[in-house]
Amino acid sequence: MARLLSGFGYTKRPVPTDAAGLPPWLPTEFGNIQRQIAGASTRTITASTTVELSDGLILCDTTGGAINVTWPATISATKDWLVTIKRISAGGFNVTLVGTFDGAVNPTLAAQYASKTIWSDGTSLHVIATV
């Protein structure tokens, strides 16, 4: 499979890609994350939950109460795993991420549309984006 590349004075040329549609020279870590995102699912929750390996995006509706999102040890130990947790509702109830992320214990999403993207290096959970 190939994609066409064009730009400043260049003619369109095929760029080789692998079966996942990514260039073969893409760094391994980035490629693994991209492959994980491609197969990840989105779910909306209204009550506390445990993150699953298939999760890519968890949308949290706190209209009915506070939500705790918990990480099992198996996910913390999964290298190159990526998930985004986003609060989609207004009101006084928070979303709490249960665990330690970059040294912060049990961070919360206190505002509507607040989100955190979490990445595991196989040992620790890291916040790579916060909105």
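Buried means under 20% relative accessible area, and exposed means over 50%. Keep these cut-offs at hand for the exercises below, which all concern a predicted model.

**Exercise 1.** Find out whether Gly64 is buried or exposed.

*Solution.* Start with the location: Gly64 sits in the loop between β5 and β6 (67–70). Next, take its relative accessible area, which is 75%. Because exposed means over 50%, Gly64 is exposed. Finally, look for Thr46, 18 residues away along the chain: the C-alpha atoms of Gly64 and Thr46 are 7.0 Å apart.

**Exercise 2.** Work out which strands stand at the edges of the open sheet.

*Solution.* First write down the order of the four strands, β4-β6-β8-β11, with mixed pairing. β4 (49–50) and β11 (108–109) each have a single partner strand, so one side of each lacks a neighbour in the sheet, and these two stand at the edges. Then look at how β4 meets β6: they pair in the parallel sense over two bridges. There, Thr49 stands opposite Val69 in β6.

**Exercise 3.** Decide where to read the model with care.

*Solution.* The average pLDDT of the protein is 79, and 68% of the residues score at least 70. Over residues 1–6, however, the pLDDT is below 50. Residues 28–35 also have a pLDDT below 50. Where pLDDT is low, the predicted coordinates should not be read in detail.

Technical notes: Residues are numbered from 1 along each chain as its sequence is written. This is a predicted model: local features need pLDDT of at least 70, side-chain atom pairs count only at pLDDT 80 or more; totals for chains, interfaces and linings use all residues. Side-chain values use heavy atoms; hydrogens and water are left out. pLDDT is the predictor's confidence in each residue, from 0 to 100. Contact means heavy atoms within 4.5 Å. Buried means under 20% relative accessible area, exposed over 50%, partly exposed in between (1.4 Å probe, protein chains only). Two strands pair if DSSP finds at least two bridges between them.
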